[in-house]
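Please consult the sequence and coordinates shown here while reading.

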Amino acid sequence: MHLLVPQFIQENFAQEKRRGEVSAASLFVDMSCFSTITDDLMAHGQHGAEVLANIMQPVFGALVRPVYEQGGLITGFAGDAFTALFPLGEDESGVTKAFAAAWQMQQAMAPLIRHPTVYGDFFVNAKVGLALGESRWGIIRARAGHRAAYYFQGPAIDASAEAEHLAQPGDIVLSAGMFERLQGQVSASRIGDYFLVEAFKGEIPLPQALTPPTIDLNVQRRFFPESLATLELSGEFRQVVNLFIGLSAVRTEEQLDLFMQSVFELQDRYGGLLNRLDFGDKGVNLLLFWGAPVAYENDIQSALNFVLDLQARTSIPINAGVSYQIANAGFIGSPLHEEYTAYGRGVNLAARFMSSAARGEIWVDAQVANKAQAQFELEPAGDMVFKGFEEKQAVFVLVDRKDEAEVVDPGPLVGRVAELHQIAEFVSPLWKGQFAGVLVISGEAGIGKSRLVREFQVSPSLKEHDSRLVTCRTDEVLRTPLGPFRTVLRDFFQQSESQSEARNKRSFNRLMDDLIDASVQIDASLADELDRTRSFVGALLNLHWPDSLYEQLDAQGRYENTL
């Protein structure tokens, strides 16, 4: 069982407490070289992922354990880094305990710097920053109660991150406040407004006994899918959509709460795993994944629809970055506190895009643009240089959806002649006026199921017959009642989200009248029934008329007439 939500948050959630403040020492630790190690091991498939896990597990264990032995709590991970808080207490012992944890981390890392593997030696170091001050925490819950997110923020957390940025591998850097409280216990040299620890003269507080963490599944399932708590696979390389969202304009917790309600509602529609919510001095950052732990064929489309709808629903200007690359998806941390995340260059690139994009712009990488160009409007922004990437990266700006998806020529289909013949044989009873049954085509994502169906739709064996194809598109995430039929009706009645309601109604009424006129020649009673129930068909397209039969009936009457 994986502990994915800090016990501090679990306890406050259960007690209906939603926010608070704590005076604490903040510790931020970052590990170097993990990006390089991940990139190198990706070339070796699942075994490479296992090797990476064998490197990460002892390193994270060595860094996480001192936090809890000294009475601290980890507030959240950020890839190969994490933040921890040590409440000061009445005797302000949290200052000494935080430093003791940092010191023990660096001591424990000494024998773990070099990691020999079958693919060569890899080296890992840690950098630690410490600061002192106030920190705030908050829990945001969806109005429906089924989703939640938590955050920690404050000057102490921000300052500990700034201190870490000044450190070199193996260093501990203190804020001025921390150094002042530790006078006589450490010697340090000044680095700007911070202090680099050179020696420790004090005594390490005795570690407290560690007890197995308590996991409240009823609480944890609000923050993360329950399936994650029991997921056995420690890590695997897989294609992941990374979406980083920046909200530099958010300054209050009330603003954040309103914004997150939209995020929760769109997650219900488009999926996406909310990895973390950071609320700092520069606003809010959110990181979401599609493709981990479960992948769907439309992950890219879901992510782009999510961010476009989010942009349309909020008055807060957002800037975002989206990438689609191979990542190491799995758990980081230790049994004392873990996080499920996707780690790799794609996450880093999405973060760089978000930071560089202008307010209101959504930047996507070349892989996303290539796979989404048929359904979305994308504008090339050129090749750009980003920190951490040796080569320039192609950038595209996501503008909007296209009213009609373009058909991209995929080239000739290879190796599916037998399958096409099977489908042709299966539908052959239709040409005799007989029911053919139901044919199911199943397989892993990306294997070519949709391509096979499209190829049959344009095959000579189908074109030689007088037939009509109706595509009832389903969505693994958006599960609205009668959803497959809504897509057919939307196409038939020429409905578009970009059109006004009045224009959509005109299109609907014109085409419905044409359909009724054509039906009169076949069955007058059918034509009468179509006319009587037109408002029910319209309701499936979100078209409503106050004086319609649909509006006059109760829920049961609407349901029966719709069917």
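Val322 belongs to strand β14, which spans residues 319-334. The model is a predicted one. With a relative accessible area of 1%, Val322 counts as buried, because that value falls under the 20% limit.

**Surroundings of Val322**
- Neighbours within four places in sequence aside, Val322 is in contact with Val241, Asn242, Leu243, Leu304, Ala350 and Phe353, and also with Ile362, Trp363, Val364, Asp365 and Val368.
- The C-alpha atoms of Val322 and Ala366 lie 9.9 Å apart in space, while the two residues are 44 residues apart in sequence.

**Cis peptide bond**
- Most peptide bonds are trans.
- The bond joining Ala292 and Pro293 is cis, with omega at about 5°.
- Pro293 sits in the loop that runs between β13 (283-290) and α10 (299-313).

**Positive phi values**
- Most residues other than glycine have a negative phi.
- Leu482, which is not a glycine, has a positive phi of about 55°.
- Leu482 is located in the loop between α15 (460-463) and α16 (483-492).
- The relative accessible area of Leu482 is 32%, so this residue is classed as partly exposed, between the 20% and 50% limits.
- Asn542, likewise a residue other than glycine, has a positive phi near 60°.
- Asn542 is placed in the loop between α19 (534-540) and α20 (549-552).
- Asn542 is exposed because its relative accessible area, 58%, is over 50%.

Technical notes:
Residues numbered from 1 in each chain as written. Predicted model: local features only at pLDDT ≥ 70, side-chain atom pairs only at ≥ 80, totals over all residues. Heavy atoms only, no water. Helix = DSSP H or I, 4+ residues; strand = E, 2+ residues; numbered from the N terminus. Buried < 20%, exposed > 50% of the residue type's maximum accessible area, 1.4 Å probe, protein only. Contact = heavy atoms within 4.5 Å.
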